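Thanks for coming. Please look at the structure first.

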Amino acid sequence: MSSIAPATNPQLPPRVSLLTLLIWGGVLALLAASWQGADMRPAELWRDSSNMAKFAADFFPPNFTNWRFYLSEMLVTLQIAIWGTALALVCSIPLGLLASSNLTPWWIHQPVRRVLDSCRAINEMVFAMLFVVAVGLGPFAGVLALWVHTTGTLAKLFSEAVEAIDPQPVEGIRATGANNLEEIAFGVIPQVMPLWMSYTLYRLEANVRSASVVGMVGAGGIGVVLWEVIRGFYYAETCALLIIIVLTVTGIDTISARLRKIFV
Amino acid sequence: MQPAIRVTNLVKSFGNQRALNSVTLEIMPGEMVALIGASGSGKSTLLRHLAGLIVADKDSASEVVVHGRTVQSGGRLARDIRSVRANIGVVFQQFNLVGRLPVITNVMAGMLSRVSLIRGMFRLFLHSEYLLGQEALNRVGIGERAAQRASTLSGGQQQRAAIARTLVQRAKVVLADEPIASLDPESSRRVMEILATIHREDRSTVVVSLHQVNVAIKYCPRTIALRRGDVVFDGPSTQLTPALLRDLYGAEADEILALPDHISLLQERTDNVVPLHSQPSPATQAAQTG
């Protein structure tokens, strides 16, 4: 006779529930329903593969003949990103504070959040097209587009950081008889500063990517050049431009990631 | 003489829970008063009302007046609450310093009510003002820590920095809400000594809420005891015998009579032990003979 009583009623792990199956079924149904609308033709990838190989071959070797011009345009793109982010940062500080539910009553933070939502919901490209009409072709339209869109994102991130602060130091400042704004300057800002810096750098990084795209609608920088060479079927030049963009964006990403590590 | 603190019919409820039940009391300038009671008896709630950090029930006749100036009345803060708060220094259980700012900057927050908004917001203080801050830090014995970030200090040092902030504030009334509840024995003793010194040298009024009655008896001539939102005792601390406390608190008495290590250490260092028990408990006996 065994000294350990045999388990009569073992606790089995739960079976795959009906709910899980339903969710998977729903996902598959959604994919199937979208097939027609998305014009999915995977067979053509096979059929036209020789065409595509020829097309890809046109890209190589990349043509760097105009590299000075490309680099100066890349620099313009960087400058668009820097100014777009800087203006957004300046606006995001007050807007982010106003959008924080722990600092303002609902009738202030709710409307501010809705404004930020709309800034964020509309893509930079759309803003760029609108600003090109308003201020004409060129980098300034790009700066304005990035400014509006980035303010929407950055202020939202800022307010989330403010909402997560420890309220006790703020109360400590309040108890000295400080004014509301002094409470924020002493009690809130020092607490959120590292996160705010990190978010700003992250947006700068994202804006270098966006700035190369907004150029395609005429808002200045390397995007304009890229759009022209693509339309003119200059694939070797396109390849050179893409390489420059990839290297620049990677470089900025790496530097910004390093800096963000220092702050957080 | 005008009382330093006058509380009339203070009523506060949290939901259906009555936290303060029509509390009325007066504290004269220059008194050092202990506020004792078990957890949940309303000590912190009362102190936070005195500092105008929370308001009493809206439909009550509650009133708090500090040095002749209304802090709140009928559940509404005074219009000039900021300048009233400037006279009231608050020391919190969790210190409530801004951890990322240097100690000296935390202490300079005590100046905020006396400088312009622009200078306050951008932390632009004059050299002479910084001297005041440094002097306050020297007084609480952490002058050499001035440039360090507050978060790098030990709990006891942070609490002393918080006291220095009330010194820079030139607070006539210092409210300390469980200032030693999060501290080790030695730090607790130093913090209590500093509060007693400020009270003695600056003639400021000090109200300190405490968990244990022994500390109250050692440092504060007068004790106000709360129980579930009612003032159940207000008088000389020496009258607080274990028998009376058992009378007042019943089973809850054990919590405030308990002598954890750091309280017995406080007693050990007492030069003139105030007689607490007619028949000393084993713990105090050990402390006195030890």
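In chain A, helix 10 (residues 222–231) and helix 11 (residues 235–263) have axes that come within 9 Å and cross at roughly 155 degrees. Axes here are lines fitted to C-alpha atoms, for helices over the stretch in contact, with angles from 0 to 180 degrees between N-to-C directions. Helices are DSSP runs of H or I, at least four residues, numbered from the N terminus. This is a predicted model, where local features need pLDDT of at least 70, side-chain atom pairs count only at pLDDT 80 or more, and totals for chains, interfaces and linings use all residues. Residues are numbered from 1 along each chain as its sequence is written, and chains are lettered from A and ligands numbered from 1 in the order in which they are written.

Helix 10 and helix 11 of chain A are therefore roughly antiparallel (over 145 degrees). On the helix 10 side of chain A, the contact (C-beta atoms, placed from the backbone, within 7 Å) uses Ile222(A), Val225(A), Leu226(A), Val229(A) and Ile230(A). Helix 11 of chain A supplies Glu237(A), Thr238(A), Leu241(A) and Ile245(A).

Now chain B. Which way do helix 6 and helix 7 of chain B run, roughly parallel or antiparallel? The axes of helix 6 (residues 155–168) and helix 7 (residues 185–202) of chain B come within 9 Å and cross at roughly 15 degrees. Helix 6 and helix 7 of chain B are therefore roughly parallel (under 35 degrees). Helix 6 of chain B brings Gly155(B), Gly156(B), Gln159(B), Arg160(B) and Ile163(B) to the contact. Among the partners on helix 7 of chain B are Ser187(B) and Arg190(B).

Methods: Helices (H or I, at least four residues) and strands (E, at least two) are DSSP runs, numbered from the N terminus. Angles under 35 degrees count as roughly parallel, over 145 as roughly antiparallel, 65 to 115 as roughly perpendicular and the rest as oblique. Two residues are in contact if their C-beta atoms, placed from the backbone, lie within 7 Å.
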